[in-house]
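Open the model in your viewer and keep the selection tool at hand. The stops below say what to pick next and what is there.

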Amino acid sequence: GTVGLLWNLLDDRVDWVSSVAALFNAEDRIRLLMASEAPHPFGDNPGLAAIEELRIEHLQPSDVDSLRANVASRSAVLLMSPQQRDHVLQRVTELAPGHQFEVPYVCQVWRAVRR
């Protein structure tokens, strides 16, 4: 048995992505993971061995409408007042680097093998 976990994180090392993520205090940012001293997500599970970690950078084709939809679907944004949400989504439109662009992500991967 092998178990794998992965998270797609916004690559907020890119200025415009950092600005967008800050608008709604995104928790899925690579800088937050890199600054964290938290251990791997498997904890001290004695049943797992050979824990491996890998980070894969990739780009997701996007446009302004898709980026706005992505941000609008986030729970932090959904919980905002309509006025706050409108402001955030307007700023997303202003911060987007053009009509067609790529959003940089880092996929954080952990893999462990059962003992």
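A pocket here is found on a 1 Å grid over the protein atoms alone: an open set of points where a 1.4 Å probe fits, with protein on both sides within 12 Å along at least five of seven lines. Lining residues have an atom within 4 Å of a point. The model is predicted; local features need pLDDT of at least 70, side-chain atom pairs count only at pLDDT 80 or more, and totals for chains, interfaces and linings use all residues. Residues are numbered from 1 along each chain as its sequence is written, and side-chain values use heavy atoms, without hydrogens and water.

How much space lies in the largest pocket? About 220 Å³. That volume is the space filled by probe spheres set on the grid points, which are joined across faces, edges and corners. Colour by element next: strand E1 (2-10), E2 and strand E3 (100-114) each give two or more residues to the lining of the largest pocket. Helices (H or I, at least four residues) and strands (E, at least two) are DSSP runs, numbered from the N terminus. Now colour the lining by type: 7 residues are nonpolar, 3 polar and 3 charged. Ala, Val, Leu, Ile, Met, Phe, Trp, Tyr, Cys and Pro count as nonpolar, Asp, Glu, Lys and Arg as charged, and the others, Gly among them, as polar.

Stay on Pro39. This residue is in the loop between H2 and E2. Buried or exposed? Pro39 is exposed, because its relative accessible area is 64%. The cut-offs are under 20% for buried, over 50% for exposed and in between for partly exposed (1.4 Å probe, protein chains only). Draw a C-alpha distance from Pro39 to Glu57: 21 Å, across 18 residues of sequence.

**Two positive phi angles**

Select Asn25, in the loop between helix H1 (15-23) and helix H2 (30-35). Asn25 has a positive phi of about 55°, yet is not a glycine. This residue comes just after H1. Its relative accessibility is 58%, so Asn25 counts as exposed.

Go on to Ala50, in strand E2 (residues 48-63). Phi is positive here too, near 50°, and again the residue is other than glycine. Ala50 is exposed, with 51% relative accessibility.

**Under H1**

Return to H1 and show the side chains of Trp16, Val17, Ser18, Val20 and Ala21, the buried residues of this helix. What do they pack against? The partners are E1, H2, H3, H5 and E3. Contact means heavy atoms within 4.5 Å.

**H3 against H5**

Select helix H3 (residues 64-72) and helix H5 (residues 82-95). Their axes come within 10 Å and cross at roughly 145°. Axes are lines fitted to C-alpha atoms, for helices over the stretch in contact, and angles run from 0 to 180 degrees between N-to-C directions. The crossing of H3 and H5 is right-handed: the near helix is turned clockwise from the far one by less than a right angle. On H3, pick Val64, Leu67, Arg68, Val71 and Ala72; on H5, pick Val88, Leu89, Gln90, Val92 and Thr93. These residues make the contact, and they divide into 7 nonpolar, 2 polar and 1 charged.

Zoom in on Val64 of helix H3. Val64 counts as buried, because its relative accessibility is 12%. Leaving out residues up to four places away in sequence, Val64 touches Thr93, Ala96, Gly98, His99 and Phe101.

**Last picks**

Select Glu94, in helix H5. At 46% relative accessible area, Glu94 is partly exposed. Its C-alpha lies 19 Å from that of Arg13, 81 residues apart in sequence.

Finish at Ala76, in helix H4 (residues 75-78). Ala76 is partly exposed, at 39% relative accessibility. From Ala76 to Glu27 the C-alpha distance is 9.7 Å, and the two are 49 residues apart in sequence.
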